[in-house]
Amino acid sequence: MTAATTPKGERRRAALVEAAAKLLVEGGFDAVRHRAVAERAGLPLASTTYYFDSLEDLVTAAVEHHSNAELATGRRRLEELATRNRGVQATVDLVLDLLLGPGSGDPAADAEAVLLRYERLVATGRRPYLRPLMRTLSAQLNELLTEIFARSGTPVTETELERLVALVDGAVVNALIAVDPEPRAAAARMLQAALEPAAQDRVR
C-alpha cells in the first residue's frame, strides 16, 4: 500500500480535487494551478505532484468531481419532482439548474456564474485530454434530462432534447451578448414557452 492509497492519502487527494473544482468554478481553467490548489486545500505544494501525475490529471479530476456532484444533486431533485411537483415551472427550474448551475436568488451573482460556466465549457474544446470525460458526462446528463422530462409528463426524443438544450444555450448566449443582466431568466422564458404547449395538451 502506497501513501496515496492510505486513508490519509485518499483524504488528501480528495481535498485537492475539491479545492481544484472550486477554483475551476470560480475562475475557469486558468485558476487551477498547483500552488493555488495546494493553498486552497491547506496542503503542501508538493502534494499536488505527489497525488497527480500532471496538471491535466488534476484538472480532469476536478471537472469529473464537479460534474458528478451536479448530476447527483439533479438525481436527488428528480425524486422530489416525481413525488411532489410535476408542473412546468418545477421542470424548468431543475433543467436550468443542471444546464446553468444552481441559482442563488441573486441575479448579478447568477449572471456571473452563468458567464463563467459558458466560458469554461467553450474552453473545454481547447483541451483534447478532456474529450473522453466530457463525452461520458454529456451522455449521463442527457440521460438524466430525458428522465426529468419523462417523469414531468413531457417525454422527449433524443432530437427533441437536443433542440431544447440548444434553445437554452441560444437564449443564454444571446443574453450575454446583449449584456442582459439576467441570462438565466431569459433561458427560463424560452424553455417554459417551449414546454407549456405540451403540458397543456397533457391536461386536456
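The questions and answers below concern this structure, which is a predicted model.

Student: Which kind of aromatic pair do Tyr50 and Tyr51 form?

Tutor: A pair of aromatic rings is described by the distance of the centres and the angle of the planes. The rings of Tyr50 and Tyr51 are 4.9 Å apart, centre to centre, and their planes stand at 90 degrees. Planes over 60 degrees apart count as edge-to-face. The pair formed by Tyr50 and Tyr51 is therefore edge-to-face.

Student: Is Tyr51 buried or exposed?

Tutor: Tyr51 has its place in helix 3, which covers residues 46–51. A residue is called buried if its relative accessible area is under 20%. The value for Tyr51 is 12%, so Tyr51 is buried.

Student: What distance separates the C-alpha atoms of Tyr51 and Thr6?

Tutor: Along the chain, Tyr51 and Thr6 are 45 residues apart.

Student: How many nonpolar residues does the contact of helix 5 with helix 6 have?

Tutor: Helix 5 contributes Leu98, Leu99 and Leu100, while helix 6 contributes Val114, Arg117 and Tyr118. Arg counts as charged, whereas Leu, Val and Tyr count as nonpolar. By class, the contact has 1 charged residue, no polar residues and, as the number requested, 5 nonpolar.

Student: What percentage of residues 33–52 is helix?

Tutor: An unreviewed UniProt entry lists residues 33–52 as "DNA-binding region". The end C-alpha atoms of residues 33–52 are 12 Å apart. Strand makes up 0% of residues 33–52, and the share of helix is 70%.

Student: Is Val179 buried or exposed?

Tutor: Val179 lies in the loop between helix 8 (158–177) and helix 9 (183–203). Its phi is near 55 degrees, a positive value in a residue other than glycine. Exposed means over 50% relative accessible area. Because the relative accessibility of Val179 is 67%, Val179 counts as exposed.

Technical notes. Residues are numbered from 1 along each chain as its sequence is written. This is a predicted model: local features need pLDDT of at least 70, side-chain atom pairs count only at pLDDT 80 or more; totals for chains, interfaces and linings use all residues. Side-chain values use heavy atoms; hydrogens and water are left out. Rings of Phe, Tyr and Trp (its six-membered ring) pair if their centres lie within 6.5 Å; planes under 30 degrees apart count as stacked, over 60 as edge-to-face and the rest as tilted. Buried means under 20% relative accessible area, exposed over 50%, partly exposed in between (1.4 Å probe, protein chains only). Helices (H or I, at least four residues) and strands (E, at least two) are DSSP runs, numbered from the N terminus. Contact means heavy atoms within 4.5 Å. UniProt positions are given in the numbering used here, feature names are shortened, and annotations may be inferred rather than shown by experiment.
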